[in-house]
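Here's a quick briefing for anyone opening this one up for the first time. Have a look, then read on.

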2 protein chains.
Amino acid sequence: MALIVQKFGGSSVGTIERIHHVASKVMHTRQEGHEVVVVVSAMQGETDRLIQLAQSLTPEPHPREYDILVSTGEQVSMALLAMALNAQNIPARSFTGHQIGILTDSSHTKARILNVKTETIKKSLADGFIVIVAGFQGINEHGDITTLGRGGSDTTAVALAAALKAEECQIYTDVEGVYTTDPRMLPEARLLPQISFEEMLEMSSLGAKVLQMRSVELASKHNLPIRVRSTFSDNPGTLVTFEEKIMQKRLVSGIAFSREEALIALTGVPNQAGVEGHILSKISDASIEIDMIAQNATDKEATDFTFTVSRKDYPKALATVQELADELGAVSPRCNPKVAKLSLVGIGMRSHAGVASNMFRALGNAGINIQMITTSEIKISVVIDEDSLDRGVRAVHEAFELDKLPLEKQQAFME
Amino acid sequence: MALIVQKFGGSSVGTIERIHHVASKVMHTRQEGHEVVVVVSAMQGETDRLIQLAQSLTPEPHPREYDILVSTGEQVSMALLAMALNAQNIPARSFTGHQIGILTDSSHTKARILNVKTETIKKSLADGFIVIVAGFQGINEHGDITTLGRGGSDTTAVALAAALKAEECQIYTDVEGVYTTDPRMLPEARLLPQISFEEMLEMSSLGAKVLQMRSVELASKHNLPIRVRSTFSDNPGTLVTFEEKIMQKRLVSGIAFSREEALIALTGVPNQAGVEGHILSKISDASIEIDMIAQNATDKEATDFTFTVSRKDYPKALATVQELADELGAVSPRCNPKVAKLSLVGIGMRSHAGVASNMFRALGNAGINIQMITTSEIKISVVIDEDSLDRGVRAVHEAFELDKLPLEKQQAFME
């Protein structure tokens, strides 16, 4: 008998029928002899409905009250799931973040979990109950309700699983697991049976929205395997685990991408100490978040400084940068408001120098111009024209033979 | 400076516009220099929506989970009202029953308040906040969320006002106050500027739905005046207070009535000790609630036993009574499935024997046959054909010159 934490997202509990379906999945895990703790999100559409109520009242709702309001979404779905289980004579009890004691900091609307009490859950498990917990919410030291921000239910599930020393944290979603790239863009994408925490972190941060990044960090820190799987099938999905436990090592695991980026380059920036800090603080003073940064010292006197921002911030960023260029005596900024980021991720590339050249060659052969490059230990990101993103993903996917990975049983089953 | 508790019902906070309106009323009381604690119900329709969700899941939702579910309704409206006030730079904080510490027993869906903690409220008031509390909900000794049943927000308001030793508990509703009878039935009905607790209790229990009965009991027990007034005007409404404080004493104050009753009479019941208990326990074993009971010993051997039940229980009651009649050897039960109850209420009738005869004469003159009579110290109830209820109310209203009461300023304003 093991302790399993299962998290069901908004689409999984989006209708009465789906709640019944989730109840039968939970029941099944229970009948296999496991103890089960379930974390639920709000029913699909409910959080948006509540946010709209608040915003029709005032454009800037008070953050403390906003959290009280939106946290009701999870309270509704947890009670409904507990009802569905009890109606089947499966004893179940639901609890708010408040009742469990999910302690967070006081950053309303984007709080971070500081500590999770386990007494209430352990007692109910010992009494034979399935425990259902509201995702996405907690309380701060003053007893005020807080929320973790969008996707926070994943974090709740992982934090609970870590605190309870669960065997596995299962994240149920509306896709089969983690793919080599987005299968909606590239039908040849393959489901990965396993992926390492580090790779998953890079995939998450690069726009692959299967798992919330903070939850992957937390799981990695607590040595807790996460299984991403579908609510609507019985397939095992993708296990996110330690590098050491990955059975079939791969050079690269997947391709993440994000659209809606904009690129700004400052060429001929004086090559002086502190100039980068000056540029970045100007941008950040204007409340603009920078995504990628690259710098090349072209000669002794001048350097090129390139960065990307999200497209909605582009006009504001451009104005700030124009001021900076005048001030620094740099040449006019070179800009591209319609670019995309394409990133190749894989723990195998640490020891294989050829990965970057293979990737760039594939893009070159496809006639795609690379406008910016950044790398980390297990990731290479390039910025290219948004129009060529689809072709770029396909070219790199083929170059690394990701489409030739064995078809996993679960995917065959799906088709 | 006084402490005022104000309760706003579901129709008062039913839309975003109305929440703004309530915020301005609260703000106004605050600007008059008072400390304000506000109790809110769920937005109109919201509780029904939640109940429907539960019932589409299972016909008998688990009571613990049902309470968790429906208690979100008040949590939504309290947060919205706090947002509306904060948006006007009026510091306000909302709290759930849980956060305040409204301790109830464990009778889910119809819990009773045992104790109300005041520390959190007092601290927030001292810090200059308007305090908004979710009506209708509390927690039991295990920390589980409970609800007080329909209309429970009135009870929350009165319990808070009593615990905080508030000067007045104001119940805002969609009518101007308490009338001599339902003005929808009788346009001549007059608004009462004052009414005693005892009269209000009789009116509440007899189907005048302005105030929840338990809240009147509680206010009376704690010597707390309640003011029933309209959210949609600035009129003072009706003050429910002690008999001693009523300025203009009246013989009778009002006429309450309820439809949807059914009458069952057992004639010729053996006049033996214990026979009434036997009849009542049979009825109650069938989960039928009895409203009125009257018995007349007609002679030494036999007695008449008459009672009323709600009309929906009539078929079940009839079947039970048929068995009883056979068993007791009583003659066939005499039944009327379509009766109404009309009740005259007034503290003045204690010392005036003529009230009953005046009432019966008025009904007789109107050609209305009285089928059953019960009395209490300040109330006379009769059962009549439902078809003659309107005429009956009008006849009694006129007989006691209730339509001749001075038109209150607030009512003139209304018209």
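How many residues of chain B are in contact with chain A? It's 26 residues of chain B, and they touch 26 residues of chain A. Keep in mind that this is a predicted model.

**Where the chains meet**

- On the side of chain B that touches chain A, five helices each supply at least two residues: helix 1 (16–31), helix 2 (46–57), helix 3 (63–70), helix 4 (72–87) and helix 5 (97–100).
- Helix 4 of chain B gives the most to that side, with 10 residues.
- Sorted by type, the residues on this side of chain B come out as 15 nonpolar, 10 polar and 1 charged.

**The eight-strand sheet of chain A**

- Chain A has an open sheet of 8 strands, in the order 3-6-2-1-9-11-12-10, and its pairing is mixed.
- At the edges stand strand 3 (92–95) and strand 10 (194–196) of chain A; each has a single partner strand, so one side of each has no neighbour in the sheet.
- On average, neighbouring strands of this sheet are turned by 20° against each other, direction ignored.
- Packed on the sheet is helix 6 (residues 119–126) of chain A, which touches strand 2 (35–40), strand 3 and strand 6 (130–134) of chain A.
- The direction of helix 6 makes about 150° with that of strand 6 of chain A.
- Strand 11 (residues 226–230) and strand 12 (residues 238–241) of chain A run antiparallel and are joined by 3 bridges.
- In that pair, Val228(A) sits opposite Thr238(A) of strand 12.

**Strand 18 of chain A and its partners**

- Strand 18 (residues 379–385) of chain A is largely enclosed by the rest of the structure, because 6 of its 7 residues are buried.
- Strand 16 (residues 334–345) of chain A pairs with strand 18 of chain A in the antiparallel sense, over 7 bridges.
- Lys379(A) in strand 18 has Val345(A) standing opposite.
- Strand 17 (residues 372–376) of chain A also pairs antiparallel with strand 18 of chain A, over 5 bridges.
- Val383(A) in strand 18 is the bridge partner of Met372(A).
- Strands 17 and 18 of chain A form a hairpin, with 2 residues between them.

Notes. Residues are numbered from 1 along each chain as its sequence is written. Chains are lettered from A and ligands numbered from 1 in the order in which they are written. This is a predicted model: local features need pLDDT of at least 70, side-chain atom pairs count only at pLDDT 80 or more; totals for chains, interfaces and linings use all residues. A residue is buried if 20 or more other C-beta atoms lie within 10 Å of its own, exposed if 12 or fewer, and partly exposed in between; C-beta atoms are placed from the backbone. Helices (H or I, at least four residues) and strands (E, at least two) are DSSP runs, numbered from the N terminus. Two strands pair if DSSP finds at least two bridges between them. Axes are lines fitted to C-alpha atoms, for helices over the stretch in contact, and angles run from 0 to 180 degrees between N-to-C directions. Two residues are in contact if their C-beta atoms, placed from the backbone, lie within 7 Å. Ala, Val, Leu, Ile, Met, Phe, Trp, Tyr, Cys and Pro count as nonpolar, Asp, Glu, Lys and Arg as charged, and the others, Gly among them, as polar.
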